Structures are given as structure tokens and as C-alpha cells.
Amino acid sequence: MSNWRGIEEFLAVVRHGSFTAAGEKLGVSKSFVSKTVQELEQRLGVQLLVRTTRRLSLTGAGKSFYAECSELQDRLEQVERRVARYSSEPVGRLRVGLSDIFGSDFMSMMLAEFSRENPAVVIEAIAYLDENEISQEQYDVVIRYGNLPSSSLRARMFGYLSYCLCASPDYVERKGWPSKPADLRNHDCLTDLTATMRFNDDVEVKVSPRWRSNSGISLRSAVRQGIGIASLPISIMRQGLADGTVLALEEDWAYFDRECWVVYSPGIMAASTRAFIDFLVRYVNREKVRPSLAAKLAARY
């Protein structure tokens with residue numbers, strides 16, 4: 001297999017006119033340059049340079065080899081400059097894993113806003129339902145929620161996925177609001193597949209739901225139709241809360257705040273990845289969302 005050993009030295013000898021000058025340019029000895037060029041000629045099986053006590057000259061093969069290798073070196077330098085941009089400015093592909101359990105629309109709109117600010121970044125947004133199906137190495141970043149398992153991955157907390165108890169005005173008129181978590185057992189509950197409703201301070205209530213789904217978007221539709229009461233992220237209920245088609249129970253006990261993490265692999269980080277992480281922290285600002293912010297969120301996203 002061909003390799004580059006000796007070629008850089010050969011090019012330097014031709015460009016600078018001597019083994020001594022080439023060694024000075026490359027920061028190595030004259031003897032090292034001479035030896036590596038000789039090894040290159042032996043590997044190729046042709047003589048590239050004619051050496052005399054007065055001057056150096058290229059053979060026919062040497063002229064051809066010099067022209068092609070010089071062009072390759074120029075192309076390599078161009079490639080290195082292009083690749084170096086990935087570490088200095090947001091360019092290239094950014095592949096993001098977004099949870100679709102509670103809707104990827106909110107995060108997708110934030111990602112679109114980031115894209116507007118960084119037009120040189122090509123976005124690939126991949127929605128997932130099960131975190132166990134995610135292979136981190138296939139993504140630049142993955143958005144995850146709640147407690148993270150111990151791993152070698154790196155993560156940065158940028159905000160909260162804040163849940164509230166919500167229902168349609170019609171449902172509230174018919175059934176009223178619960179006064180405490182245990183009262184939910186007497187309501188038409190809409191839950192995930194665990195049939196459990198969770199609140200801050202590790203409070204959990206097991207219920208017999210009227211409707212179960214692993215999709216927050218499906219549960220949102222059921223809430224809007226007045227089928228029951230659900231604990232859903234304010235971010236996906238923002239429009240209904242803002243226009244009054246959905247109501248929220250604004251009691252401290254009725255909230256559930258899950259940490260939002262942007263997870264990425266260790267190692268040298270591309271500028272596009274770093275810019276996206278900084279964007280999330282700057283825009284979300286580690287804020288716990290409450291129903292009073294729904295109109296602002298609806299207008300912004």
C-alpha cells in the first residue's frame with residue numbers, strides 16, 4: 001500500500017533546491033531528508049533526483065511525480081482547511097435525536113430557530129419513542145428527560161419539561177378539579193402506558209385510566225375532546241392553554257418538572273454541536289414552565 005512517507009521531504013527538496021534547505025524548512029536534519037527520499041525512490045523503483053556535487057535535477061519520472069504529488073498536497077491542504085472549519089464555526093451536518101413520546105414539535109421548532117441563525121448547518125432531526133432504541137453514536141446530540149443513567153456520555157441540563165394537570169372547560173364543568181393527588185382516582189384519567197400520574201417530590205398516583213397512550217399528542221387530542229384529565233407538558237399544550245380551549249390546575253402540588261438534558265459523546269466537539277448546546281441553554285434558560293407562560297410560548301413557537 002502506498003504511503004506519504006518521503007513525499008513531503010521530496011517536495012521540499014525540489015521547492016527549496018537542496019537537502020539542506022529542505023531540512024531547515026521541515027525542522028529535520030539534512031541526512032534524514034536524504035535518507036527518506038532514497039527510501040521513497042527504492043519503494044517506487046525509480047530514480048526521482050539526479051544528485052551531483054554542484055546541483056540537483058529531476059528525472060523525467062521525478063518531474064511527473066513532483067507535479068502529481070504537489071497537486072495532491074495542495075488538495076490535502078484544502079481538505080484540512082475545510083475540515084478545520086467544523087471546529088471553528090457552525091457548519092456541516094447536525095444530527096439530533098428528539099423524543100416523540102410527548103411530541104417533538106416544540107423541540108423541532110426550537111431546532112428550526114437555531115437553523116435560521118446558523119444557515120450553514122444541515123439539520124437532521126430524528127424522532128424516537130423509546131430511549132432504549134437510541135444508539136448515541138449515531139447522533140451528534142440526543143434530547144433526553146429525567147434522571148440519566150450512569151454512562152461515559154456527557155450531558156448538559158438546559159431546562160425542564162414541566163407538566164401540569166389539564167382538561168377541557170367542559171370536563172372541568174362536569175367533574176371539577178381534584179384537590180389533591182389521591183382525588184385523581186375518582187376522575188377520568190388519561191395517562192401513559194404505566195397508568196401512573198407523577199408529580200414533584202416523588203409523588204405518584206396509580207389510576208385506572210379511561211385512555212392510555214405512549215404518545216403525548218394522542219393524549220392532547222383526548223384532553224381537547226373533553227374525554228378526561230391528563231398531566232401533560234405545558235410545552236405541547238401551550239396553544240390550547242393560551243386560547244382557553246384547555247384549562248390548567250394552577251396549584252403547586254399539580255406540577256411535575258423533569259430535567260431536560262442535551263446528551264453528547266465525549267471527545268472533540270464540532271462547533272455546530274457546541275453552538276446548538278449553547279443555544280438551548282440561552283433560550284430555555286433552565287426555566288420551569290408554568291401555564292401563565294403558555295401564551296408567550298405559543299407566540300414564540
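Within helix H3, the residues Val-33, Ser-34, Thr-36, Val-37, Leu-40 and Glu-41 are buried, a term that stands for under 20% relative accessible area, with exposed meaning over 50% and partly exposed in between (1.4 Å probe, protein chains only). The structure is a predicted model, in which local features need pLDDT of at least 70 and side-chain atom pairs count only at pLDDT 80 or more, while totals for chains, interfaces and linings use all residues. Residues are numbered from 1 along each chain as its sequence is written, and side-chain values use heavy atoms, with hydrogens and water left out. Helices (H or I, at least four residues) and strands (E, at least two) are DSSP runs, numbered from the N terminus.

Helix H3 covers residues 30-44, 15 residues in total, and spans 21 Å from its first C-alpha to its last, close to the 21 Å expected at 1.5 Å a residue; the expected span is 1.5 Å times one less than the number of residues.

At the level of domains, the chain is divided into domain 1 (7-88) and domain 2 (91-300), with bounds that come from an automatic or database domain assignment. The C-alpha centres of these two domains lie 59 Å apart. Contact (heavy atoms within 4.5 Å) links 4 residues of domain 1 with 6 residues of domain 2. The area buried between the domains is about 410 Å², of which carbon and sulfur atoms give 61%; this is the accessible area (1.4 Å probe) that two parts lose on being put together, summed over both. Across the interface, the rule finds 0 salt bridges, each defined as a side-chain nitrogen of Lys or Arg within 4 Å of a carboxyl oxygen of Asp or Glu.

Turning to helix H8 (residues 234-243), 7 of its 10 residues are buried, namely Ile-234, Ser-235, Ile-236, Met-237, Arg-238, Gly-240 and Leu-241. These buried residues pack against helix H5 (105-117), S6, helix H7 (216-224), strand S11 (229-233), strand S12 (247-248) and H10. Gly-244 follows H8 with a positive phi, near 85°.

Ser-168 sits between strand S6 (154-167) and helix H6 (169-175) and is buried at 4% relative accessibility. Its side chain reaches the backbone nitrogen of Tyr-171 at 3.1 Å. Leaving aside neighbours within four places in sequence, Ser-168 is in contact with Val-223, Arg-224, Gly-226 and Thr-245.

Ala-195, in the loop between strand S7 (189-191) and strand S8 (196-199), has a positive phi of about 60° although it is not a glycine, and counts as buried at 7% relative accessibility. Asp-202, also not a glycine, has a positive phi of about 60°; Asp-202 lies in the loop between S8 and strand S9 (203-206) and is exposed, with a relative accessible area of 79%.

Leu-293, in the loop between helix H9 (271-284) and helix H10 (294-300), is partly exposed at 22% relative accessible area. Leu-293 touches Glu-287 and Lys-288, not counting residues up to four places away in sequence. The C-alpha atoms of Leu-293 and Ala-242 are separated by 8.5 Å, although these residues are 51 residues apart along the chain.

Notes:
A polar contact is a pair of N or O atoms within 3.5 Å; within protein, one must be able to donate a hydrogen and the other to accept it, and residues adjacent in sequence count only if both atoms are side-chain atoms.
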